[in-house]
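Dear colleague,

Please find the structure below for your study. I would ask you to look through it before reading my notes.

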Amino acid sequence: MLSTLIWLPLLGAIPIALFAQTAKQSRNIALAFSGAAMLWTVWIFSQFDLASGGLQMQEFVSWLPVLGLNYDLAVDGLSLMMIFLNSLLTWIAIYSSSSDIERHRLFYPLILVVSGGVAGAFLAQNLLLFFLLFELELVPLYLLVAIWGGPKRAYAATKFLLYTAIAGALILASFLGAVWLGDSFDFSYQQVLQNQLPLVSQVILLALLLVGFGIKIPLVPFHTWLPDTYVAASPPVAILLGGVLAKLGTYGLLRFGMGLFPDAWALLSPYLAVWATVSVLYGSVTAIAQKDIKRMVAYSSVGHMGYVMLGAAAFTPLSMVGAISQMVSHGLILALLFHLVGLVEDKVGTRQLDQLNGLMNPTRGLPLVSALLVLSGMASAGIPGLVGFITEFLVFQGSYIVFPVATIVSVIGTGLTAVYFVILINRTCFGRLDSQKAYYGKVSLTEHLPAFVLAALVVVLGLRPGWLVQWSEVTSASLVAALPEVEQVQLAWQEETSKENISFARQVPLDIALGE
Amino acid sequence: MPTADFWAQTSWLIPLYPLVGAVLAVCWSPALIRKTGPRPVAYISLLTTLVALVHSGLAMAASWGQPELFIQLPWLDVAGFQLTFPLVLSTVTLGASTLITLVNLLVQIYAIGYLETDWGWGRLYALIALFEAGMTALVLCDSLFFSYVLLEILTLGTYLIVGYWFNQALVVSGARDAFLTKRVGDLILLMGVLALFPLTGTWNFSELAVWASTPGLVEAVPPLTLTLIGVALVSGPVSKCAQFPLHLWLDEAMEGPHPTTILRNAVVVPTGAWVLVKLQPVIALSPWAVGMAIAIGTISALGGSLIAAAQIDAKRVMSYLTTTYMGIVFVAVGAGQTDAALLLVLTYAVASALLLMATGSVMLTVVSQDLTQMGGLWSRRPVTGFSFLAGIAALVAIPPLGGFWALLPLLNGFWQHQQWGLLAVVVVTNAVVSFGLVRMFGLMFAGERTAMTARAPEPIWLVMLPTAIMAGLTLHLPFVMDAMRILPDWGSEASPLAWVLLVSSLAGAEVGCFFYIFPRVAEPTKLVPGPVNRLLAYDFYTPKIYQKTAIAAVASLSQLTDWLDRYVVDGLVNLVGLSSLFSGETLKYGNSGKTQTYALTIAFFVALIGLYVSWGALTSLLS
């Protein structure tokens with residue numbers, strides 16, 4: 001049942017690569033397959049049991065038992081939200097691709113491969129399978145940036161590739177440690193959960209994961225690939241990158257960082273909260289200074305992912321729901337922003353803030369695009385009534401009890417978000433349109449369709465947040481329930497690190513090296 | 001015919017009528033307006049407003065003499081965290097929503113005349129309707145959380161409505177500053193909202209008041225926390241009510257269309273004071289927060305009235321008067337006089353709406369808002385002139401009109417608690433406001449005709465009719481207050497304070513007359529020392545202070561992090577990349593193909609490693 005989400009897009013890639021004659025044909029086939037995947041996702045939603053916090057719709061095929069690698073899929077509230085985002089944004093990315101794109105027989109299949117791979121990663125219940133799929137999306141994305149990107153695409157794509165490869169290596173190292181240190185060779189998630197690792201090893205392995213996924217999310221200071229890549233990527237690819245791929249990082253942290261190393265997570269949580277807050281402030285402040293809209297949105301992403309991190313660091317039931325919902329709301333808003341920026345760039349020919357002006361002009365500007373830009377900017381800035389507010393609010397309210405100072409400082413971050421979005425709107429939508437140059441093509445309704453869909457979701461889920469948060473509520477509760485009390489872990493840590501345990505911990509990697 | 005109770009029970013519909021109006025109005029794109037003309041948008045909006053007004057009025061009548069009615073509308077229930085939208089229906093809340101819808105109705109008619117030649121009516125009426133919905137929801141709502149939500153939505157509304165004529169530079173910066181200043185207040189309020197919940201377990205105003213008065217509960221909270229929360233809860237309304245030092249936005253927001261200015265100054269800004277009044281029990285827990293409210297209120301009241309008296313821009317005078325009166329409300333809330341504060345909000349809203357309507361009626365045909373360009377309008381503009389006078393009399397304390405009845409109980413309260421300083425603040429402010437308004441009246445209506453005013457008749461009836469109705473309402477407000485039994489009893493209140501208040505109003509007006517209506521001095525501004533005059537005229541140089549502090553700080557910080565990001569964080573990454581490239585490039589020249597070189601390299605490193613491995617043994621050998 002869940003396999004469909006992986007194989008349907010991959011299957012769709014074949015006819016496009018082999019038979020499609022024109023770019024239009026390719027696009028239609030891709031739309032059909034991703035649309036089918038979207039419908040399938042809706043069907044999975046209808047089958048999802050809201051009351052259960054555990055894994056559902058499990059699928060298991062034995063693959064390479066010797067390695068401990070099996071084809072093992074299942075879904076819970078967290079994965080469900082992620083596959084929703086993946087299916088929706090893939091469809092939107094394909095829809096918003098230019099209909100006369102070059103090398104269409106490569107472009108659409110690559111997007112579909114990415115989508116299938118990412119869906120698999122979100123569903124995988126085997127550590128190696130997750131890692132495999134996590135790495136699998138890297139190559140097509142590299143090509144998508146390197147071939148169809150903007151002026152600095154080669155630099156950006158290589159940077160992206162190197163960063164993600166390093167992230168992958170760190171994640172793999174952590175996974176291997178989590179399994180082998182537990183004297184086991186089974187990489188199935190449920191099995192690894194049983195491993196009781198000493199706290200020191202947990203901390204080391206979690207640190208590896210934090211850096212690995214921290215690159216992917218990205219968190220400061222591992223974020224510098226992001227602005228370059230977003231700027232170089234074409235809008236549809238940027239939608240995928242920011243809306244879906246970045247969520248692999250936060251998903252990985254919640255699923256594996258928090259799930260596999262609960263004690264270490266609880267121990268490090270105060271530092272994670274500080275890290276999250278630094279990310280929030282750093283991303284928001286840096287975004288203010290940007291002149292390129294895409295760069296601005298890229299830094300805003302760094303800030304917004306910080307809220308997810310804050311919620312996860314606080315791990316109260318409320319903050320977890322908030323963190324998971326924030327991932328979805330960020331994906332929706334970011335996709336909307338990138339789609340609109342794509343339209344502006346397509347019609348006006350620039351996305352530089354010091355060149356754009358007066359797009360709100362009702363006759364010669366792009367009034368509808370401007371209106372939607374205001375909506376998405378305000379949603380991102382956390383204005384109530386839109387989805388960005390309630391998810392941030394849940395994170396804040398949930399985290400305040402645990403980390404009051406970090407939460408209050410993060411609230412300042414939302415204020416800074418408002419600053420740069422006001423700059424963005426004032427420069428692009430407001431102001432006087434330059435009548436000499438303003439002969440912009442009309443934006444047709446079909447071009448607007450993705451924006452309408454996303455804007456409707458942003459508004460509806462903002463007014464009825466229950467429809468968004470209900471899916472992950474039980475899962476969040478069970479995720480949080482697995483974590484220990486912070487004070488307990490701190491005591492345990494003091495005991496473990498006080499005496500000879502240190503030397504034991506240092507020997508552990510050596511034991512592995514010797515193959516014991 | 002539905003029963004009276006039916007109207008009260010269905011009061012939650014009141015904000016929804018204008019919301020429907022807003023959704024319908026926003027459909028009127030310029031393309032559609034080209035087909036239908038702009039008027040239908042206004043008619044839709046008027047209709048929904050009228051429905052809301054009638055419903056509010058009926059519900060108010062139904063709630064008469066009844067206990068407060070609470071309605072809970074569930075909104076979100078997640079992870080044990082329940083958010084319900086609580087409505088409190090009483091004569092006060094429904095009366096406020098009646099007032100809001102009434103002022104809205106009049107202003108919407110006014111706007112038809114005032115903005116006749118404009119092209120963006122869809123946007124304009126949608127936003128006016130959004131404001132109406134937001135404000136009625138706010139006054140009916142009994143929750144701090146939802147009040148915050150609504151205030152924040154209104155912040156966005158302010159941004160869009162001030163930015164209505166978005167292709168003018170001043171409008172764009174005015175909209176930006178309005179949004180950001182209000183957002184600052186909103187976010188500090190949000191911090192208070194977040195911090196309050198874990199302590200009280202509720203955001204409902206009525207339950208907060210109970211919490212604050214329950215012995216034992218409050219004492220358990222550290223005083224520092226209470227102080228911080230109290231200060232945060234005061235700070236939100238500070239920006240909403242344009243109090244010092246966050247008052248500049250209201251002045252810049254005057255760049256927006258005048259009908260929206262009427263709404264903003266008369267009813268939107270006072271919603272901030274409304275929230276403050278509701279929060280008074282919590283604020284009163286912290287002496288610091290109380291002190292802050294009183295201090296800010298005092299500075300705003302005195303400073304605002306002085307600045308208003310020094311402006312030559314008609315709209316600016318009005319803007320600073322709003323700051324002034326909201327300042328008095330802050331002082332009243334700080335002193336714990338919530339009833340007097342609410343009464344003042346009511347009389348202020350009615351009188352300032354009238355003053356602004358009359359001012360707009362002048363500006364429309366004079367085609368200027370510069371007071372020094374005006375003069376001699378009285379003979380040609382009797383209706384406007386009379387309305388303006390009525391507005392002045394109703395705003396400052398002149399019996400038997402509204403302002404007098406609101407300020408008198410306030411002074412009585414100060415008298416009883418022997419708060420002489422606060423008493424003096426109110427009396428002096430009242431006198432200065434009185435002077436400032438008479439000065440404005442004199443500059444506009446008295447004296448010689450000027451080039452600008454020579455051909456300035458009364459404008460179209462769509463403007464004049466609402467103004468005249470508003471004037472009638474203002475003059476009849478004491479009767480309404482009497483009917484609602486909120487008029488203080490004359491017999492017991494005929495204290496010396498009434499005389500003090502009257503004398504202060506008359507003294508201010510007298511001085512105003514002396515200089516500006518029957519001028520005895522050629523250039524009254526010369527009487528004030530230049531630096532003081534400039535200080536007041538330029539609003540205590542607040543724009544410069546902003547530029548040099550907050551704006552400079554954020555701008556330079558963002559430049560700094562951007563630089564760090566490009567050259568340090570990313571620079572480090574690129575350095576790693578470059579150095580690995582460089583070492584690769586260098587090493588390739590080592591590939592000469594000569595076996596002996598390779599052998600030598602290998603031998604050298606083997607020796608090195610051997611040395612390293614056996615280092616311990618070697619050192620022990622030597623020692």
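Residues are numbered from 1 along each chain as its sequence is written, while chains are lettered from A and ligands numbered from 1 in the order in which they are written.

Over residues 503-516 of chain A, however, the pLDDT is below 50. Where pLDDT is low, the predicted coordinates should not be read in detail.

In chain A, the axes (lines fitted to C-alpha atoms, for helices over the stretch in contact, with angles from 0 to 180 degrees between N-to-C directions) of helix α2 (residues 23-47) and helix α3 (residues 77-95) come within 9 Å and cross at roughly 160°. Helices here are DSSP runs (H or I, at least four residues), numbered from the N terminus. α2(A) and α3(A) are therefore roughly antiparallel (over 145 degrees).

Chain A gives 41 residues and chain B 37 residues to the contact between them, where two residues are in contact if their C-beta atoms, placed from the backbone, lie within 7 Å. On the side of chain A that touches chain B, α17(A) provides the largest share, 10 residues.

Technical notes:
This is a predicted model: local features need pLDDT of at least 70, side-chain atom pairs count only at pLDDT 80 or more; totals for chains, interfaces and linings use all residues. Helices (H or I, at least four residues) and strands (E, at least two) are DSSP runs, numbered from the N terminus. Angles under 35 degrees count as roughly parallel, over 145 as roughly antiparallel, 65 to 115 as roughly perpendicular and the rest as oblique. pLDDT is the predictor's confidence in each residue, from 0 to 100.
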